Amino acid sequence: MAHDSHDAHDSHVYVPEIAVDREGKEHVVQGWQGDYEGGKLGFWLFMLTEVMMFGAMFLALTYYYTLHQQDFLIASASLNRWLGGFNTVVLLFSALTMGLGLLKMRHGDVKGAKLMIWTTILLALVFLGVKAVEWTAEYHHGIFLGLDALQSGNEHSKPFGQILFFGMYFTMTGLHGFHIIIGIGLMLWLLKRINAQKVTPDHNILHFNIALYWDLVHLIWVFVFPYFYMIGAGDIAGGVVHGH
Amino acid sequence: MGKSYFDETHCAIGHPKSTFMQWMLTVDHKRIGIMYAVVMFTFFFVAVAAALTMRFELFSPGQQYIEAQTFNQAFTLHGVIMIFMFIIPGIPAVFGNIVMPLMIGAKDVSFPRLNWFTFWLYIFGCIVALTSLFNFNISEGEVLFKFADTGWTFYAPYSLNTDTNVITTLVAGFILGMASILTGLNFLVTIHRLRAPGMEFFKMPLFVWGIYATAWIQLLATPVVGITLVLAILEKYFGIGIFDPSKGGDPVLFQHLFWIYSHPAVYLMILPAFGIMSEIIPAFSRREIFGYRTIALSSASIAGIGYLVWGHHLYTSGMSDTAKVIFSFLTFFVAIPTGIKFYDWIATMYKGKIILATPMLWALGTIITFAVGGLTGVTIAMVGADIHLQDTYYTIAHFHYAMLGGVVFLLFAGMHYWFPLVFGKMYNETHAKIAFALNFIGFNVLWFPMFIAGYMGMPRRYFDYLPEFQIYHQISFIGALIFVTGLIYMFTVLIRATKNGKPCGPNPWNATTLEWHLPSSPPPLENHTKVPYVDFRPYEYHHGQPVVKFDENMRRID
């Protein structure tokens, strides 16, 4: 019959082991328990996979841009830069609040840290709200995945380059939005862990990693925004009706 | 006799009393490795059955047992299972989990719970893949075999048009890819953080080097195929246009993105296998490995160069001539570090006291089969030759010589090498050697004729063929029967040994690396009770005897 070593498992109290070399010198053995550096390294590596994922999509996007430059510029001009730009500011500001929250946590201000996380969640929701307004407007202008304008071979069909532009636009902003939603979930979880005192000023790896995640999410947007919204000609308000 | 990891375990959630739940929830890297092995080999035999079905069908020209469409689904099933469920988790999931932490003196991997989660993600991916097998038409009471018929590569635009269950298979591929990424991530952090004190990178056993190089490929290449599969799903559901020529999309882009991962993936499979070879050769030659650093660095450089050769899959798909030449050159270039390894292994054996135990037999067999697989790979890396051979049995034979004769043979070698470590018991060596002979002969009879058939123009993936190719298919068929017999024989020998094998102690092979210096056999739950200080190289032999010895507190006493 098996038994569990309850104490070692539950409390994660870890007494580092010592290895002794031939001269009798003692060396601390690194355990996996409470390995702050390891936790950081792991999450940085995970961020690399995200970069590769979005990188592949940027690669595809760049390839199609070289094939259909004019169409891309026209399609880009029809996006609403006020809304996109506003969202960029919102997201950058949320990165600031997230970072301040981590600083507060490290300095022992748990209450301030929680306030900052709530602010970040609020900003993330604003971002999603603006996104919803944008997509709805585009839908009403007949531009959405599955609508005639983005299908081939009918009277509303856009040229190839614009179909590809909008296909990638909805894919990439959609996947980015998905990351925002995941981020909100992570922050709510983080708040729960803080309330349960599992995340504390001395043990903040989870907070650190979620802040890192949020930085990546806004970093991706910083590339997505200019690539889709700013390459085109036309005035700043854009709007799909006025496409050239 | 202390308790082993079979008697006690740590669990991800709670402290279940039942043995079954303790296995399901275990975070112990050794148990997780064993569970991977069980699931993987189950699927392996399913895929073998699919292959055998195709061999039966191909016994003579024309239709025998199955329809052409079923044949297409059979080779897709064979490919999807073998690639995504068997060989990609492969050696890292089994021996990376079981042995790597032991080799570096760690108590577990860096994130044991993530490891548990990863295993279940893998299972979930397998289940999703299984759901794509059939469509159930409840009202008509029909069960339709609707597995994808695209081949495991899912090339657009056909994969976008076929009405088989491609989407579920793509989802499964994505989930299995996630599992692979997380495994690699876990191992990278483990190798960076948890090495025993004193163990620098150049004091790690070479299997750990193989796992390390592999983990980087898992981490950096898998996301690319992950997103490619997602894009293909979005294309099929929403028509985003990216791979659809009727909307200006480029199907060849799918091939590029697919192979950016899937070519490095074959190095992901072979590098840990080379690592196993580098463990076995010195242990059974009783000699320090020749050119330790060159083997370690060649793993790293194969991982690096292997990232830049994907274009050789697209010679016939439409690509600029300049690109073809560059990809061809880079592909030749990969053969150099691989060749270095081979010469190092052979030089290690030179003047060694070679012991022909079963693991060594498998390793020596692999030197032959992988040499054939590797060198034929160089021939089809040439643009001109490849235009002729690309879609023929030649490529099939090359691939199976490299993957089955390389990766899987070395996986078997590792199974025989580490079996006594994992179970604390020894299998019957005589039977295991007979099984090896059957496998080795069967393998060559099965695949060698395909080189000739392919060279003469037998196209791959065909349901039917011209009568002049019949003789090759029939020889292959006989080889397949011998090979399958050998496989069943081998697994019977090993499975019986888990029950009836003789206890063999912690170090039956007299090997030098740390996993053979555990306090008991099978190992206890948290591995080394005392972690040694590593101020020695991994394979130090003098006059055929291990140099480094430890007392019961793992302090050196030599």
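User: Which residues of α2(A) meet α8(B)?
Analyst: This is a predicted model, and in it A:E37, A:G38, A:L41, A:G42, A:L45, A:F46 and A:T49 are the residues of α2(A) that meet α8(B). On the α8(B) side you'll find B:I181, B:L185, B:L188, B:V189, B:H192 and B:R193.

User: Is the crossing left-handed or right-handed?
Analyst: α2(A) passes α8(B) in a right-handed crossing.

User: OK, zooming out. How many residues of chain B are in contact with chain A?
Analyst: 48 residues of chain B, and they touch 44 residues of chain A. On the chain B side, α1, α8, α9 and α10 each supply at least two residues.

User: Which of those gives the most?
Analyst: That's α9(B), with 10 residues. Sorted by type, the side of chain B that touches chain A has 24 nonpolar, 15 polar and nine charged residues.

User: New topic: the largest nonpolar core. Which residues there touch the most other members?
Analyst: B:I104, B:V208, B:M269, B:A273 and B:I280, out of 242 residues in that core. Helix α15 of chain B, residues 393-423, gives the most to this core, with 22 residues.

User: Can we pick one? What does B:I280 touch?
Analyst: Leaving out residues up to four places away in sequence, B:I280 touches B:P359, B:M360, B:A363, B:A413 and B:Y417.

User: Switching to strands. In which sense do β1 and β2 of chain B pair, parallel or antiparallel?
Analyst: Antiparallel, over four bridges. Strand β1 is residues 134-137 and strand β2 is residues 142-145. As one example of the pairing, B:N135 in chain B stands opposite B:L144 in β2(B).

User: And how many residues sit between β1(B) and β2(B)?
Analyst: Four, and the two strands form a hairpin. In the turn, B:G141 has a positive phi of about 65 degrees.

User: Where are the cis peptide bonds you'd point me to?
Analyst: One joins B:A156 and B:P157, with omega about 0 degrees. B:P157 lies in the loop between β2 and α7 of chain B. Another runs from B:S521 to B:P522, with omega near -5 degrees, and B:P522 is in the loop between β4 and β5 of chain B.

User: Why point those out?
Analyst: Most peptide bonds are trans, and most residues other than glycine have a negative phi.

User: So which residues other than glycine have a positive phi?
Analyst: Two to look at are B:N510, with phi near 60 degrees, and B:M554, with phi near 60 degrees. B:N510 is in the loop between β4 and β5 of chain B, while B:M554 is in the segment after β6 of chain B.

User: Is B:N510 buried or partly exposed, and why?
Analyst: B:N510 counts as partly exposed because it has 14 C-beta neighbours inside 10 Å.

User: And B:M554, buried or exposed?
Analyst: B:M554 has 20 C-beta neighbours inside 10 Å, so it counts as buried. The cut-off for buried is 20 or more.

Terms used:
Residues are numbered from 1 along each chain as its sequence is written. Chains are lettered from A and ligands numbered from 1 in the order in which they are written. This is a predicted model: local features need pLDDT of at least 70, side-chain atom pairs count only at pLDDT 80 or more; totals for chains, interfaces and linings use all residues. A crossing is left-handed if the near helix is turned anticlockwise from the far one by less than a right angle, and right-handed if clockwise. Two residues are in contact if their C-beta atoms, placed from the backbone, lie within 7 Å. Ala, Val, Leu, Ile, Met, Phe, Trp, Tyr, Cys and Pro count as nonpolar, Asp, Glu, Lys and Arg as charged, and the others, Gly among them, as polar. A nonpolar core is a set of buried Ala, Val, Leu, Ile, Met, Phe, Trp, Tyr and Cys residues joined through C-beta atoms within 7 Å. A residue is buried if 20 or more other C-beta atoms lie within 10 Å of its own, exposed if 12 or fewer, and partly exposed in between; C-beta atoms are placed from the backbone. Two strands pair if DSSP finds at least two bridges between them.
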